[in-house]
Amino acid sequence: MMNYLYPLLGGVLIGLSVSLMLYLNGRITGVSGIINGSLSAKKNDFLWRITFIAGLLVAGLILKSFWPESLTSTIVRSDAVIVIAGLLVGFGTVMGGGCTSGHGICGISRLSLRSIIATLIFMSLGVLSATLFRLYFGGAL
Amino acid sequence: MKSALTSFLIGILFALGLGLAGMTQPQKVVSFLDIFGNWDPSLIFVMVGAIGVHFILFRIIVKRKTPVLTDCFHIPNKTTLDKKLIIGAALFGIGWGLVGYCPAPAVTALATMTLQPFLFVLSMLLGMVLYKFFAAKAKI
């Protein structure tokens, strides 16, 4: 029961956050876009991006202090795999114009066909990737 | 500046939501994606909760002429289903399924001061820069 409740509540918090961002600042909370945009933002566009990222980090510190298990990773992956994964996520999210928050939450909520398709694609490839990794490398978690 | 401050607070709320949801535990994400293995479908409720809320509020919010603190809404308006979307989403999905980190949870997890998130985030930033570099060269 709790296993389903926490993701649901977490999702509600996320939904409220992205709604607040739209309501107050008129911005879509696509985190890959916020990060990518901060790398080349013009003066007016930079501050809200960097403070959002700072917010993520501060939340991380809060979680680390009060609920460290929420941040604990038990996956066993070589450094090379982590690097490859990071490169793919960075490259792919900029190329595809979004990630789980941008396409998956914001895009689907406004019934964007681009986002619906992007989400179906990255979900399917995620399943494929996780499955093949387990089959070939034992997928130690 | 009010936008910057609210953005900061929203970032905190967003990532607390990620933590509560379990998205900051890569093993949980991998288990969610590993549907033919040790499947843990519970993360689907993250999308249910998030889209459930935002779907309703989006409609209400965009009825306004402007956001509360800024001049205009910046909502993407591309409609083309092009190769960049498809290939980009595919590459993202592959990377996501390999380690279970996507951008926001990985940044949040930097607070652990462990190697995995740092390596991931650095590589992710490099990947972003690489795409823009190659896209500029190929003029796409």
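This is a predicted model: local features need pLDDT of at least 70, side-chain atom pairs count only at pLDDT 80 or more; totals for chains, interfaces and linings use all residues.

User: Why is the pair B:Asp82 and A:Arg114 called a salt bridge?

Analyst: The N to O distance between their side chains is 3.7 Å. The cut-off is 4 Å, for a side-chain nitrogen of Lys or Arg and a carboxyl oxygen of Asp or Glu. The pair therefore meets the rule. Across the interface of chain B and chain A, the rule finds two salt bridges.

User: How many residue pairs are in polar contact across the interface of chain B and chain A?

Analyst: There are 28, with both residues at pLDDT 80 or more.

User: Which element gives the most to the side of chain B that touches chain A?

Analyst: That is α1(B), with 17 residues. This side of chain B divides into 71 nonpolar, 27 polar and nine charged residues.

User: What is the area buried between chain B and chain A?

Analyst: About 9500 Å². Carbon and sulfur atoms give 76% of that area. The contact takes 107 residues from chain B and 103 residues from chain A.

User: Which residues touch the most other members of the largest nonpolar core?

Analyst: They are B:Phe14, B:Met23, B:Trp96, B:Val99 and B:Phe120, in a core of 74 residues. Helix α6 (residues 113-137) of chain A gives the largest share of this core, eight residues.

User: What is B:Trp96 in contact with, leaving aside its neighbours within four places in sequence?

Analyst: Its partners in chain A are A:Val89, A:Thr100, A:Phe122 and A:Met123. In chain B they are B:Met23, B:Val29, B:Leu33, B:Tyr101 and B:Cys102.

Note on methods:
Residues are numbered from 1 along each chain as its sequence is written. Chains are lettered from A and ligands numbered from 1 in the order in which they are written. Side-chain values use heavy atoms; hydrogens and water are left out. Contact means heavy atoms within 4.5 Å. Buried area is the accessible area (1.4 Å probe) that two parts lose on being put together, summed over both. A polar contact is a pair of N or O atoms within 3.5 Å; within protein, one must be able to donate a hydrogen and the other to accept it, and residues adjacent in sequence count only if both atoms are side-chain atoms. Helices (H or I, at least four residues) and strands (E, at least two) are DSSP runs, numbered from the N terminus. Ala, Val, Leu, Ile, Met, Phe, Trp, Tyr, Cys and Pro count as nonpolar, Asp, Glu, Lys and Arg as charged, and the others, Gly among them, as polar. A nonpolar core is a set of buried Ala, Val, Leu, Ile, Met, Phe, Trp, Tyr and Cys residues joined through side-chain atoms within 4.5 Å. Buried means under 20% relative accessible area, exposed over 50%, partly exposed in between (1.4 Å probe, protein chains only).
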